[in-house]
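Here is a short report for a reader who is meeting this structure for the first time.

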Amino acid sequence: MTGRVEGAALLEVRGLTKSFGAITAVRDVDLVVGPGERVGLVGPNGAGKTTLFNCICGQTQADAGTVVFRGIDLGSKPTFERARLGIGRTFQRVEVFPELTVAEHLMVAERARRGDGRLWKDLLGRSALSAQESARVEAMLVLVGLDGLANVPVAALGLGTCRLVELARALIGEPVLLLADEPSSGLDAHETAELASVLRRVSGEHEMAVLLVEHDLGLVARVAERTVVMDVGGVIANGTFDAVMADQRVRHAYLGKSA
Amino acid sequence: MGQFLSYAIPGIPYGCTFAIVAVGLVLTYQATGVFNFAFGAQAYVSAYVYALLTEHGMNRFGAFAVSVLLLAPLLGLLFDRLLFSRIARANVTAKIVSALGLFVGLPSLLAVVFGSATRYAPPSVLFNPATVYFHVGSTPINGIELATVIVTVVVVVALMVLLRYTAYGLKMRAAVESGRLLELDGVNASAVVSSAWMISSLLAGLAGVLLAPQYPTVSSNTYAVLLVAAIAAAALGALRSIPLALVGGIALGVVEGLASGYFAPGSILHTGLLPAIPFLALVFLLLFLPGMRSLDEPNDPLSSVDPPIPPSITTTRSRDIDRVVRVGRWALAIFFVFSVLTWVPGNWVFTLSTGIALSTIFLSITLITGMGGQLSLCQATFAGIGAFAAGQLALHAGLPILLGAVTGALLAAVIGAVAALPALRLRGLPLALLTLSFALLADYVAFPPSWAGGPVTGLNVPRPQIGPINFATSSTRAFFLLALVMLVLASTVVLLIQRGTLGRFLGAMRGSPVGAASIGINLSWTKVLLFALSAGLAGLGGAVYGSLQQVVTPVDFNYEFSLIFVVVVVTTGVNTVEGAIQAGIGFVVIQQLLSYLPGRAGSGSLTVLLFALGALTYARHPEGVVEYQKRIWTERFEGLFDRRNPQGQGELALPGGSPGGAS
């Protein structure tokens, strides 16, 4: 345990349950993430990790339970409002905008975050970046290692690069909580190491909490301060990476009863 | 109770007519993954040929064999081999647009080939329509009703046995899930899909010929309305269940039977609500049946690797050519305007002005479909709202027509925003069906009253008076200039949106709604705004069109025009302002030129046929055929220079060049 005070939690999930027909994807899950804390979320396929993400982001409406973020009960708030409160995310199956360039992805994210109520500005605003915006975009591209690709349409990029575009798109909104869903799939070993250092750096510099779903346990070990293990919809272990990996139930979940 | 039954029972055979079409739709959708909008048109083709053959003295069984057993499956085979099998992996919009191309193209093709003479009701194949065979309670059952019920029962039972209990049915269901996987099991998936097309097309032909004697004339409109009723019936089973489609069809027939019995003849309920029941049922099912709402393209895991829409040629051509094209385009525009204002003959000035007004309406499609990625099939309805509002305000309030046009555009925008509310959670096929229902509701309920669409003789939309210039008495050239000003205003709005932040938001929404929401884009608001802006543009264009024509009727803005408009714009290019203007001008110019041809058909049918053929290429050239040709020619032209310059861009064309190479 990290010893953070519960009352100061950034994200507090209580009793979250979500069923799809007869299948209960997430069953009575409790999860607390402190400000700036990096938490790994691991578990076999079908454990309910992505469904949990979808409930936190509002893509899916939970059947029961509460999600409190920065002291606000998210209730049935739509996804975009949660994003503006500071929840950023990347997707297991990439969700990029194929016709836009890399820089446009970041521009859209930067401007969307600033919100509505400026109809005429949205309507008539030039798509050209202001000096301030392009400095931010440029810095972000350098940070995630996409410099030089600013004006390339995303449709022309490979899967791994698209994941980095998603990451940059989420990060430029300066989220206080980043939900990263298998960000390393499609990246090679070197790129994965870079990814780990980016996540640690941004988290440290901006006190951004990270909830990391990942099958690459090496990446989890490098990034996460605490690891939560899920299996068949429920949390089965919670603690430091080493402690969790030594847990008997975790070994069962991953390797079967014989282990 | 006796009265109730006497209203309900005739509804059952009537409902079977919906059911048989509904079952055919479900079969096509289930077996091929294509929602076949052309189904009604296919039924019409068979009915038309059957009527034609019997009219020329052919025995009715012979005519049935030719039109249903031979022609209908052949048509299905052609559709599959020449069109749908080639676009199996295209997105849902491309498939819908291709089917819409057939929907508007097939009746036009018949008119072009056989002339536009009316075909009267042909004889019935099975029983005598006039004979009452027996009574159910006190309800007489005539020959057509008997035949409909028998055929429906036979078809439904046969199909259910085929799909549920035969190996062929299993293959058919597997072919939809993944043809590629099925082939790995050693099954010829494309043959399975082809045969499914032939069977469902046979059903279309059967339904067409079976129902033809019921209506006084064989008209494509009958079958189009029948199609929508059948969609509502099929919607009950979310387009997936044949028994539920049957239940839906009969239920719809019974409800209509009851309504026509209990609604007082001549009342607004009888004239307005009764024919609208199928459309209301479809709207209701789309909004409240979860299975309908979530209808979407089959999730092909490889869809994200499909080549994207190529960038507009304006962004890729070399700078020298770009400069030439820019200058050339301005020169052409100035020459065009100068010519119209000076030497072009009067009837052509009128034609071109119509083209300018249409271009303004077409820009609304550029905005909502090209930029927003939302397929709306009720844009002509919004244009009608603009025209009727302007006319009514001038008639009743004496409002100057220009002010009326702006008010009409605003009204259309408000109605567009309201229409967007139920559409918020829909995209793709459900949205197309919902907007088509809106268009039909407007045709049947909203536009017919004289306070809306005007009296039956037409609503007068005056020409404007600006200062000393009275556009009614001055030449049409002056009005052309006015329409042009409106088009320039509308184009400016669209260009600003395209180049601005909203345009990028729309690009994000088009690319991935989930991703767009995750970065804080309010999709609901963006969609309402998109619908409102688009409807406003259509309303403005409609008012200009009305003022040019001076008299408009609801027929000028009915659902058929909504479909034709989409087909026309998609053909020339739905992603650019240029595309909309080329569509507007091209549509009227081609029609005018074709009218000089000697021939039996109206030039209108031939024009629609030409554009419908163009729409069939949409799946392969989503940027539009005109835009595609421009790129090809520019590349060829640049290729001439590249031969001298070895650092050419030829390599760039390779990755998207052979999509078939992946397998």
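## A hairpin and its sheet

Strands β9(A) and β10(A) pair in the antiparallel sense, with five bridges between them. The model is a predicted one. The two strands make a hairpin, and two residues lie between them. Val232(A) sits in that turn and has a positive phi of about 35°. Across the pairing, Val228(A) stands opposite Asn238(A) in β10(A).

Six strands of chain A build it, in the order β6-β7-β8-β3-β9-β10. The sheet is open, and its pairing is mixed. Strands in a sheet pair through backbone hydrogen bonds, in either a parallel or an antiparallel way.

Which strands stand at the edges? They are β6 (87-89) and β10 (234-239) of chain A. Each has a single partner strand, so one side of each has no neighbour in the sheet. From one strand to the next, the twist averages 20°.

Strand β3(A) takes part in two of the pairings. With β9(A) it runs parallel, joined by four bridges. Gly40(A) has Thr227(A) as its bridge partner in β9(A). Val42(A) stands opposite Val229(A) in β9(A). With β8(A), β3(A) pairs in the parallel sense, again over four bridges. There, the bridge partner of Leu41(A) is Val213(A).

Is β3(A) enclosed or open to the outside? Five of its five residues are buried, so the strand is largely enclosed by the rest of the structure. Arg38(A), Gly40(A) and Val42(A) point one way, while Val39(A) and Leu41(A) point the other way. All of these residues are buried. Strand β9 (residues 226-231) of chain A is also largely enclosed, because five of its six residues are buried.

Ile87(A) stands opposite Leu177(A) in β7(A).

Helix α7 (residues 189-206) of chain A lies across β3 (38-42), β7 and β8 (209-213) of chain A. The helix runs at about 140° to β3(A).

## The other sheet of four strands

Chain A also has an open sheet of four strands, in the order β2-β1-β4-β5. Its pairing is antiparallel. The edge strands are β2 (23-33) and β5 (72-73) of chain A. Each has a single partner strand, so one side of each is left without a neighbour in the sheet.

Strand β1 (residues 11-20) of chain A pairs with β2(A) over seven bridges, in the antiparallel sense. Val13(A) stands opposite Leu31(A) in β2(A). Helix α1 (residues 49-57) of chain A lies across β1, β2 and β4 (64-69) of chain A. It runs at about 115° to β1(A).

| Strand pair | Sense | Bridges |
|---|---|---|
| β9(A) and β10(A) | antiparallel | five bridges |
| β3(A) and β9(A) | parallel | four bridges |
| β3(A) and β8(A) | parallel | four bridges |
| β1(A) and β2(A) | antiparallel | seven bridges |

## Chain B

Chain B holds 28 helices and six strands. Its radius of gyration is 26 Å, close to the 26 Å that the globule rule gives for 663 residues, so chain B is as compact as a globular protein of that length. Its C-alpha atoms fill a box of roughly 75 × 65 × 55 Å along the principal axes. Of its 663 residues, 53% count as buried. Take the contacts in chain B between residues at least 6 apart in sequence: 78% of them join residues at least 24 apart.

One residue gives a local view. Val66(B) lies in helix α4 (residues 60-83) of chain B. Its relative accessibility is 31%, so Val66(B) counts as partly exposed. Leaving aside neighbours within four places in sequence, Val66(B) is in contact with Leu53(B), Met58(B) and Leu71(B). Tyr50(B) is 16 residues from Val66(B) along the chain, and their C-alpha atoms are separated by 7.8 Å.

## The nonpolar cores

The largest nonpolar core has 196 residues. Which members touch the most others? They are Phe35(B), Phe37(B), Phe84(B), Phe362(B), Leu377(B) and Leu429(B). This core draws at least three residues from each of domain 1 (2-262) and domain 2 (317-628) of chain B.

Technical notes:
Residues are numbered from 1 along each chain as its sequence is written. Chains are lettered from A and ligands numbered from 1 in the order in which they are written. This is a predicted model: local features need pLDDT of at least 70, side-chain atom pairs count only at pLDDT 80 or more; totals for chains, interfaces and linings use all residues. Side-chain values use heavy atoms; hydrogens and water are left out. A nonpolar core is a set of buried Ala, Val, Leu, Ile, Met, Phe, Trp, Tyr and Cys residues joined through side-chain atoms within 4.5 Å. Buried means under 20% relative accessible area, exposed over 50%, partly exposed in between (1.4 Å probe, protein chains only). Domain bounds come from an automatic or database domain assignment. Two strands pair if DSSP finds at least two bridges between them. Axes are lines fitted to C-alpha atoms, for helices over the stretch in contact, and angles run from 0 to 180 degrees between N-to-C directions. Contact means heavy atoms within 4.5 Å. The radius of gyration is taken over C-alpha atoms; the globule rule is 2.2 Å times the number of residues to the power 0.38.
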